[in-house]
There are 2 protein chains.
Amino acid sequence: MSRIDDSLIALRRIMRATELYGKELAQAAGLTAAQFRALQIVGEKGWETPKAIAARMGVSQATITTLVDKLVRRELVTREPSQIDRRQTNVTLSPIGRQVLDDAPDALQQKYARAFEDLSDWEQAQIIATLERVASMLDAEDIDASPVLTMGDIKRH
Amino acid sequence: MSRIDDSLIALRRIMRATELYGKELAQAAGLTAAQFRALQIVGEKGWETPKAIAARMGVSQATITTLVDKLVRRELVTREPSQIDRRQTNVTLSPIGRQVLDDAPDALQQKYARAFEDLSDWEQAQIIATLERVASMLDAEDIDASPVLTMGDIKRH
DNA sequence: CAAGTTCCTTCGGCTATCTAACTAATAGAG
DNA sequence: CTCTATTAGTTAGATAGCCGAAGGAACTTG
(Lines give C-alpha, C1' and ligand atoms only; values in the text may rest on other atoms or scores of the structure.)
Protein backbone atom coordinates (compact mmCIF):
# COMPACT_ATOMS: atom_id res chain seq x y z
CA MET A 1 0.00 0.00 0.00
CA SER A 2 1.55 3.21 -1.12
CA ARG A 3 1.72 6.46 0.71
CA ILE A 4 -0.75 8.08 -1.58
CA ASP A 5 -3.19 5.34 -0.72
CA ASP A 6 -2.60 6.02 2.93
CA SER A 7 -3.40 9.66 2.47
CA LEU A 8 -6.50 8.89 0.42
CA ILE A 9 -7.70 6.51 3.07
CA ALA A 10 -7.30 9.14 5.73
CA LEU A 11 -9.22 11.60 3.57
CA ARG A 12 -11.97 9.13 3.11
CA ARG A 13 -12.22 8.52 6.82
CA ILE A 14 -12.59 12.22 7.34
CA MET A 15 -15.36 12.50 4.81
CA ARG A 16 -17.10 9.48 6.10
CA ALA A 17 -17.11 10.84 9.62
CA THR A 18 -18.78 13.93 8.31
CA GLU A 19 -21.39 11.97 6.46
CA LEU A 20 -22.20 9.99 9.54
CA TYR A 21 -22.44 13.18 11.49
CA GLY A 22 -24.98 14.46 8.98
CA LYS A 23 -27.14 11.42 9.51
CA GLU A 24 -26.88 11.67 13.25
CA LEU A 25 -27.76 15.29 13.14
CA ALA A 26 -30.72 14.67 10.90
CA GLN A 27 -32.06 12.11 13.28
CA ALA A 28 -31.54 14.17 16.40
CA ALA A 29 -32.86 17.43 15.01
CA GLY A 30 -35.61 15.82 12.97
CA LEU A 31 -34.20 17.48 9.90
CA THR A 32 -32.29 16.15 6.96
CA ALA A 33 -28.78 17.38 6.33
CA ALA A 34 -29.93 19.54 3.45
CA GLN A 35 -32.73 21.05 5.48
CA PHE A 36 -30.43 21.73 8.36
CA ARG A 37 -27.84 23.31 6.12
CA ALA A 38 -30.47 25.67 4.69
CA LEU A 39 -31.60 26.51 8.20
CA GLN A 40 -28.04 27.27 9.17
CA ILE A 41 -27.66 29.66 6.28
CA VAL A 42 -30.87 31.44 7.18
CA GLY A 43 -29.72 31.55 10.77
CA GLU A 44 -26.53 33.42 9.99
CA LYS A 45 -28.27 36.70 9.41
CA GLY A 46 -31.70 35.70 10.60
CA TRP A 47 -33.06 35.79 7.07
CA GLU A 48 -31.99 35.08 3.52
CA THR A 49 -33.51 34.99 0.04
CA PRO A 50 -34.07 31.67 -1.71
CA LYS A 51 -31.78 32.82 -4.48
CA ALA A 52 -28.93 33.39 -2.06
CA ILE A 53 -29.52 30.11 -0.29
CA ALA A 54 -29.43 28.30 -3.61
CA ALA A 55 -26.16 29.99 -4.48
CA ARG A 56 -24.64 29.14 -1.15
CA MET A 57 -25.66 25.54 -1.36
CA GLY A 58 -24.90 25.23 -5.02
CA VAL A 59 -28.30 23.88 -5.95
CA SER A 60 -31.12 25.22 -8.07
CA GLN A 61 -33.72 27.59 -6.80
CA ALA A 62 -36.38 25.00 -7.34
CA THR A 63 -34.67 22.78 -4.86
CA ILE A 64 -34.64 25.55 -2.30
CA THR A 65 -38.32 26.15 -2.78
CA THR A 66 -39.17 22.65 -1.72
CA LEU A 67 -36.60 22.70 1.04
CA VAL A 68 -38.01 25.91 2.44
CA ASP A 69 -41.51 24.47 2.13
CA LYS A 70 -40.49 21.83 4.60
CA LEU A 71 -38.89 24.29 6.98
CA VAL A 72 -42.01 26.42 6.80
CA ARG A 73 -44.21 23.44 7.51
CA ARG A 74 -42.14 22.76 10.60
CA GLU A 75 -42.45 26.42 11.54
CA LEU A 76 -38.71 26.88 11.66
CA VAL A 77 -38.81 29.72 9.16
CA THR A 78 -41.41 31.99 7.61
CA ARG A 79 -41.64 33.52 4.18
CA GLU A 80 -41.80 37.30 4.42
CA PRO A 81 -42.32 39.29 1.27
CA SER A 82 -39.52 41.79 0.83
CA GLN A 83 -40.33 45.46 1.19
CA ILE A 84 -37.63 46.72 -1.12
CA ASP A 85 -38.17 44.36 -4.02
CA ARG A 86 -41.48 42.60 -4.03
CA ARG A 87 -40.22 39.84 -6.27
CA GLN A 88 -38.07 38.74 -3.42
CA THR A 89 -39.03 36.64 -0.46
CA ASN A 90 -37.15 36.71 2.77
CA VAL A 91 -36.90 33.35 4.39
CA THR A 92 -36.85 34.38 8.02
CA LEU A 93 -35.79 32.36 11.02
CA SER A 94 -38.53 31.82 13.58
CA PRO A 95 -37.94 31.52 17.31
CA ILE A 96 -38.46 27.79 16.99
CA GLY A 97 -35.93 27.71 14.20
CA ARG A 98 -33.45 29.52 16.39
CA GLN A 99 -34.11 27.02 19.11
CA VAL A 100 -33.45 24.10 16.80
CA LEU A 101 -30.23 25.67 15.59
CA ASP A 102 -29.04 26.31 19.10
CA ASP A 103 -29.99 22.89 20.34
CA ALA A 104 -28.54 21.09 17.37
CA PRO A 105 -26.16 18.47 18.55
CA ASP A 106 -22.90 19.38 16.97
CA ALA A 107 -21.21 16.46 18.57
CA LEU A 108 -18.73 15.96 15.83
CA GLN A 109 -17.68 19.54 15.80
CA GLN A 110 -17.50 19.68 19.57
CA LYS A 111 -15.39 16.61 19.67
CA TYR A 112 -13.13 17.94 16.99
CA ALA A 113 -12.99 21.36 18.58
CA ARG A 114 -12.05 19.93 21.93
CA ALA A 115 -9.34 17.74 20.50
CA PHE A 116 -8.08 20.58 18.39
CA GLU A 117 -7.89 22.97 21.27
CA ASP A 118 -5.89 20.51 23.30
CA LEU A 119 -3.13 20.67 20.75
CA SER A 120 -0.17 22.90 21.14
CA ASP A 121 0.09 26.09 19.23
CA TRP A 122 2.45 24.83 16.60
CA GLU A 123 0.50 21.64 16.15
CA GLN A 124 -2.62 23.59 15.40
CA ALA A 125 -0.78 25.75 12.92
CA GLN A 126 0.70 22.71 11.30
CA ILE A 127 -2.65 20.99 10.92
CA ILE A 128 -4.15 24.04 9.32
CA ALA A 129 -1.22 24.37 6.95
CA THR A 130 -1.45 20.74 5.96
CA LEU A 131 -5.19 20.76 5.46
CA GLU A 132 -4.93 23.85 3.34
CA ARG A 133 -2.20 22.30 1.34
CA VAL A 134 -4.25 19.19 0.70
CA ALA A 135 -7.21 21.32 -0.26
CA SER A 136 -5.04 23.12 -2.76
CA MET A 137 -3.82 19.89 -4.19
CA LEU A 138 -7.42 18.93 -4.74
CA ASP A 139 -7.91 22.26 -6.42
CA ALA A 140 -10.65 23.39 -4.14
CA GLU A 141 -9.34 26.89 -3.71
CA ASP A 142 -12.30 28.92 -4.82
CA ILE A 143 -14.89 27.26 -2.73
CA ASP A 144 -17.39 28.97 -0.54
CA ALA A 145 -16.54 27.23 2.67
CA SER A 146 -18.14 28.28 5.85
CA PRO A 147 -16.54 27.11 9.05
CA VAL A 148 -19.33 24.66 9.58
CA LEU A 149 -18.81 21.02 9.21
CA THR A 150 -21.79 19.85 7.24
CA MET A 151 -22.64 18.02 4.15
CA GLY A 152 -25.22 18.87 1.68
CA ASP A 153 -24.10 21.78 -0.39
CA ILE A 154 -22.86 20.43 -3.58
CA LYS A 155 -21.76 22.90 -6.17
CA ARG A 156 -23.18 22.33 -9.56
CA HIS A 157 -22.13 23.60 -12.96
CA MET B 1 -11.53 34.04 12.66
CA SER B 2 -10.13 31.43 14.96
CA ARG B 3 -7.78 28.68 14.12
CA ILE B 4 -10.36 26.04 14.54
CA ASP B 5 -12.47 27.82 11.98
CA ASP B 6 -9.53 27.85 9.64
CA SER B 7 -9.11 24.15 9.97
CA LEU B 8 -12.82 23.50 9.50
CA ILE B 9 -12.81 25.62 6.39
CA ALA B 10 -9.94 23.68 4.96
CA LEU B 11 -11.72 20.44 5.75
CA ARG B 12 -14.77 21.71 4.06
CA ARG B 13 -12.86 22.64 0.96
CA ILE B 14 -11.49 19.15 0.80
CA MET B 15 -14.91 17.59 1.06
CA ARG B 16 -16.35 19.94 -1.45
CA ALA B 17 -13.67 19.15 -3.99
CA THR B 18 -14.51 15.50 -3.63
CA GLU B 19 -18.18 16.09 -4.09
CA LEU B 20 -17.51 18.07 -7.21
CA TYR B 21 -15.36 15.30 -8.48
CA GLY B 22 -18.19 12.88 -7.96
CA LYS B 23 -20.47 15.01 -10.07
CA GLU B 24 -17.94 15.38 -12.81
CA LEU B 25 -17.34 11.72 -12.84
CA ALA B 26 -21.02 10.95 -12.97
CA GLN B 27 -21.44 13.19 -15.95
CA ALA B 28 -18.44 11.86 -17.83
CA ALA B 29 -19.09 8.20 -17.16
CA GLY B 30 -22.85 8.48 -17.54
CA LEU B 31 -23.27 7.10 -14.06
CA THR B 32 -24.26 8.70 -10.81
CA ALA B 33 -21.77 8.80 -7.99
CA ALA B 34 -23.54 6.02 -6.13
CA GLN B 35 -23.70 3.83 -9.19
CA PHE B 36 -20.07 4.42 -9.94
CA ARG B 37 -19.08 3.68 -6.39
CA ALA B 38 -20.91 0.36 -6.52
CA LEU B 39 -19.24 -0.42 -9.83
CA GLN B 40 -15.87 0.35 -8.30
CA ILE B 41 -16.50 -2.04 -5.46
CA VAL B 42 -17.53 -4.78 -7.85
CA GLY B 43 -14.47 -4.00 -9.93
CA GLU B 44 -12.03 -4.59 -7.11
CA LYS B 45 -12.38 -8.34 -7.25
CA GLY B 46 -14.43 -8.55 -10.40
CA TRP B 47 -17.50 -9.59 -8.45
CA GLU B 48 -19.20 -8.96 -5.12
CA THR B 49 -22.40 -9.88 -3.33
CA PRO B 50 -25.13 -7.27 -2.79
CA LYS B 51 -24.77 -7.80 0.94
CA ALA B 52 -21.10 -6.91 0.86
CA ILE B 53 -21.66 -3.91 -1.38
CA ALA B 54 -24.31 -2.63 1.00
CA ALA B 55 -21.94 -3.00 3.92
CA ARG B 56 -19.15 -1.26 2.12
CA MET B 57 -21.34 1.64 1.10
CA GLY B 58 -23.17 1.82 4.38
CA VAL B 59 -26.62 1.55 2.85
CA SER B 60 -29.34 -1.07 3.00
CA GLN B 61 -29.52 -4.07 0.80
CA ALA B 62 -32.71 -2.78 -0.73
CA THR B 63 -30.81 0.21 -2.00
CA ILE B 64 -28.20 -1.97 -3.59
CA THR B 65 -30.82 -4.01 -5.37
CA THR B 66 -32.06 -0.97 -7.23
CA LEU B 67 -28.55 0.29 -7.82
CA VAL B 68 -27.48 -3.02 -9.28
CA ASP B 69 -30.64 -3.05 -11.39
CA LYS B 70 -29.38 0.06 -13.08
CA LEU B 71 -25.91 -1.28 -13.61
CA VAL B 72 -27.40 -4.46 -15.07
CA ARG B 73 -29.60 -2.46 -17.41
CA ARG B 74 -26.50 -0.67 -18.66
CA GLU B 75 -24.79 -4.05 -19.04
CA LEU B 76 -21.94 -3.03 -16.79
CA VAL B 77 -22.50 -5.98 -14.49
CA THR B 78 -24.42 -9.23 -14.51
CA ARG B 79 -26.11 -11.15 -11.74
CA GLU B 80 -24.67 -14.64 -11.48
CA PRO B 81 -26.22 -17.03 -9.02
CA SER B 82 -23.59 -18.29 -6.63
CA GLN B 83 -22.56 -21.91 -6.88
CA ILE B 84 -21.61 -22.33 -3.28
CA ASP B 85 -24.62 -20.71 -1.66
CA ARG B 86 -27.62 -20.31 -3.88
CA ARG B 87 -29.11 -17.62 -1.71
CA GLN B 88 -26.29 -15.41 -2.85
CA THR B 89 -25.98 -13.55 -6.06
CA ASN B 90 -22.65 -12.54 -7.46
CA VAL B 91 -22.74 -9.16 -9.06
CA THR B 92 -20.11 -9.65 -11.72
CA LEU B 93 -18.27 -7.03 -13.71
CA SER B 94 -18.81 -7.28 -17.46
CA PRO B 95 -16.22 -6.35 -20.06
CA ILE B 96 -18.16 -3.16 -20.67
CA GLY B 97 -18.11 -2.44 -16.97
CA ARG B 98 -14.37 -2.94 -16.88
CA GLN B 99 -14.07 -0.58 -19.80
CA VAL B 100 -16.08 2.10 -18.02
CA LEU B 101 -14.00 1.74 -14.89
CA ASP B 102 -10.76 1.97 -16.81
CA ASP B 103 -11.90 4.91 -18.86
CA ALA B 104 -13.33 6.77 -15.90
CA PRO B 105 -11.80 10.18 -15.63
CA ASP B 106 -10.17 10.24 -12.28
CA ALA B 107 -9.05 13.77 -12.75
CA LEU B 108 -9.14 14.70 -9.12
CA GLN B 109 -7.24 11.69 -8.02
CA GLN B 110 -4.70 12.14 -10.76
CA LYS B 111 -4.23 15.75 -9.88
CA TYR B 112 -3.86 14.93 -6.24
CA ALA B 113 -1.58 12.02 -6.95
CA ARG B 114 0.68 14.13 -9.10
CA ALA B 115 0.88 16.92 -6.58
CA PHE B 116 1.43 14.45 -3.80
CA GLU B 117 4.21 12.68 -5.58
CA ASP B 118 5.99 15.94 -6.19
CA LEU B 119 6.35 16.40 -2.48
CA SER B 120 9.43 15.42 -0.62
CA ASP B 121 9.51 12.30 1.42
CA TRP B 122 9.08 13.96 4.77
CA GLU B 123 6.30 16.17 3.48
CA GLN B 124 4.35 13.16 2.34
CA ALA B 125 4.83 11.49 5.66
CA GLN B 126 3.79 14.61 7.47
CA ILE B 127 0.61 14.98 5.43
CA ILE B 128 -0.38 11.41 6.09
CA ALA B 129 0.28 11.82 9.78
CA THR B 130 -1.77 14.97 9.93
CA LEU B 131 -4.69 13.58 7.96
CA GLU B 132 -4.75 10.53 10.16
CA ARG B 133 -4.65 12.67 13.20
CA VAL B 134 -7.57 14.75 11.99
CA ALA B 135 -9.49 11.62 11.13
CA SER B 136 -8.93 10.38 14.66
CA MET B 137 -10.11 13.65 16.09
CA LEU B 138 -13.29 13.22 14.13
CA ASP B 139 -13.55 9.76 15.62
CA ALA B 140 -13.67 8.00 12.34
CA GLU B 141 -11.20 5.33 13.25
CA ASP B 142 -13.20 2.25 12.50
CA ILE B 143 -14.36 3.17 9.07
CA ASP B 144 -14.02 0.99 6.04
CA ALA B 145 -12.05 3.33 3.86
CA SER B 146 -10.81 2.15 0.53
CA PRO B 147 -8.04 4.12 -1.07
CA VAL B 148 -10.45 5.54 -3.58
CA LEU B 149 -11.46 9.10 -3.49
CA THR B 150 -15.18 9.03 -3.99
CA MET B 151 -18.32 10.15 -2.41
CA GLY B 152 -21.49 8.34 -2.92
CA ASP B 153 -22.18 6.77 0.34
CA ILE B 154 -24.10 9.83 1.21
CA LYS B 155 -27.23 9.67 1.97
CA ARG B 156 -28.80 12.65 -0.68
CA HIS B 157 -27.11 13.26 -4.00
C1' DC C 1 -37.54 -32.78 9.14
C1' DA C 2 -39.15 -28.34 11.30
C1' DA C 3 -37.89 -23.94 12.81
C1' DG C 4 -35.03 -20.29 12.57
C1' DT C 5 -31.75 -17.50 9.92
C1' DT C 6 -29.72 -15.43 5.92
C1' DC C 7 -29.69 -13.34 1.29
C1' DC C 8 -31.95 -11.05 -1.96
C1' DT C 9 -35.88 -8.84 -4.11
C1' DT C 10 -40.25 -6.33 -4.26
C1' DC C 11 -43.19 -2.74 -2.71
C1' DG C 12 -44.60 1.66 -1.03
C1' DG C 13 -43.05 5.93 0.50
C1' DC C 14 -39.75 9.54 1.59
C1' DT C 15 -36.26 13.33 0.25
C1' DA C 16 -33.29 15.70 -2.87
C1' DT C 17 -32.54 17.15 -7.10
C1' DC C 18 -33.15 18.75 -11.88
C1' DT C 19 -35.33 21.23 -16.06
C1' DA C 20 -38.97 23.62 -18.09
C1' DA C 21 -42.69 26.46 -17.82
C1' DC C 22 -45.21 30.02 -15.40
C1' DT C 23 -46.26 34.39 -12.55
C1' DA C 24 -45.05 38.63 -10.76
C1' DA C 25 -42.13 42.52 -10.37
C1' DT C 26 -38.32 45.43 -11.62
C1' DA C 27 -35.20 47.69 -14.99
C1' DG C 28 -34.07 49.61 -19.36
C1' DA C 29 -34.60 51.32 -24.10
C1' DG C 30 -37.01 54.12 -26.91
C1' DC D 1 -44.48 56.44 -20.39
C1' DT D 2 -44.74 52.00 -22.60
C1' DC D 3 -42.89 47.80 -24.26
C1' DT D 4 -39.53 44.43 -23.64
C1' DA D 5 -36.00 41.97 -21.21
C1' DT D 6 -34.46 40.32 -17.00
C1' DT D 7 -34.90 38.58 -12.39
C1' DA D 8 -37.07 36.14 -8.24
C1' DG D 9 -39.72 32.74 -6.97
C1' DT D 10 -42.91 28.87 -7.53
C1' DT D 11 -45.07 24.90 -9.71
C1' DA D 12 -45.04 20.63 -12.32
C1' DG D 13 -43.10 16.47 -13.74
C1' DA D 14 -39.26 13.52 -13.71
C1' DT D 15 -35.28 10.69 -11.88
C1' DA D 16 -32.21 8.96 -8.26
C1' DG D 17 -31.16 7.38 -3.77
C1' DC D 18 -32.65 5.74 0.28
C1' DC D 19 -35.32 3.06 3.82
C1' DG D 20 -38.34 -0.39 6.30
C1' DA D 21 -41.46 -4.10 5.86
C1' DA D 22 -42.81 -8.16 3.76
C1' DG D 23 -41.94 -12.23 1.06
C1' DG D 24 -39.54 -16.17 -1.23
C1' DA D 25 -35.78 -19.21 -1.56
C1' DA D 26 -31.97 -21.54 0.41
C1' DC D 27 -29.00 -22.65 4.13
C1' DT D 28 -28.33 -24.19 9.26
C1' DT D 29 -29.42 -26.26 13.42
C1' DG D 30 -31.58 -28.98 16.82
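**Figure 1. Right-handed crossing of helices α2(A) and α3(A) in the predicted model.** Helix α2(A) passes α3(A) in a right-handed crossing, as seen in this predicted model. Helix α2 of chain A spans residues 33–45 and helix α3 of chain A spans residues 50–57; their axes come within 10 Å and cross at roughly 120 degrees. Since angles of 65 to 115 degrees count as roughly perpendicular and those over 145 as roughly antiparallel, α2(A) and α3(A) are therefore oblique to each other. On the side of α2(A), the contact is formed by A:Ala34, A:Arg37, A:Ala38, A:Ile41, A:Val42 and A:Glu44. Helix α3(A) contributes A:Ile53, A:Arg56 and A:Met57. Of the residues in this contact, six are nonpolar and three are charged, with no polar residue present.

**Figure 2. Packing of helices α3(B) and α4(B).** In chain B, helix α3 (residues 50–57) packs against helix α4 (residues 61–73) at an angle of about 110 degrees, and the two axes are 9 Å apart. This angle falls in the range of 65 to 115 degrees, and α3(B) and α4(B) are therefore roughly perpendicular to each other. Their crossing is right-handed. The residues of α3(B) that make the contact are B:Pro50, B:Lys51, B:Ile53, B:Ala54 and B:Met57, and those of α4(B) are B:Gln61, B:Ile64 and B:Leu67. By class, the contact of α3(B) with α4(B) comprises six nonpolar residues, one polar and one charged.

**Figure 3. Strand pairing with β3(B).** Strand β3(B) pairs with β1 (residues 47–48) of chain B in the antiparallel sense, over two bridges. Within this pairing, B:Trp47 is placed opposite B:Thr92 of β3(B). Strand β2 (residues 77–81) of chain B also runs antiparallel to β3(B), and five bridges join these two strands. Here B:Arg79 stands opposite B:Val91 of β3(B). In a regular strand, side chains alternate between the two faces of the sheet.

**Figure 4. Surroundings of B:Ser94.** B:Ser94 occupies the loop between β3 (89–93) and α5 (95–103) of chain B. The relative accessibility of B:Ser94 is 11%, under the 20% limit, so this residue counts as buried. When neighbours within four places in sequence are left aside, B:Ser94 is in contact with B:Glu75, B:Leu76 and B:Val77. B:Val77 belongs to strand β2 (residues 77–81) of chain B.

Terms used:
Residues numbered from 1 in each chain as written. Chains lettered and ligands numbered in written order. Predicted model: local features only at pLDDT ≥ 70, side-chain atom pairs only at ≥ 80, totals over all residues. Heavy atoms only, no water. Axes fitted to C-alpha atoms, helices over the stretch in contact; angles between N-to-C directions. Helix = DSSP H or I, 4+ residues; strand = E, 2+ residues; numbered from the N terminus. Parallel < 35°, antiparallel > 145°, perpendicular 65-115°, else oblique. Left-handed = near helix turned anticlockwise from the far one by under 90°. Contact = heavy atoms within 4.5 Å. Nonpolar A, V, L, I, M, F, W, Y, C, P; charged D, E, K, R; others polar. Buried < 20%, exposed > 50% of the residue type's maximum accessible area, 1.4 Å probe, protein only. Pairing = 2+ DSSP bridges.
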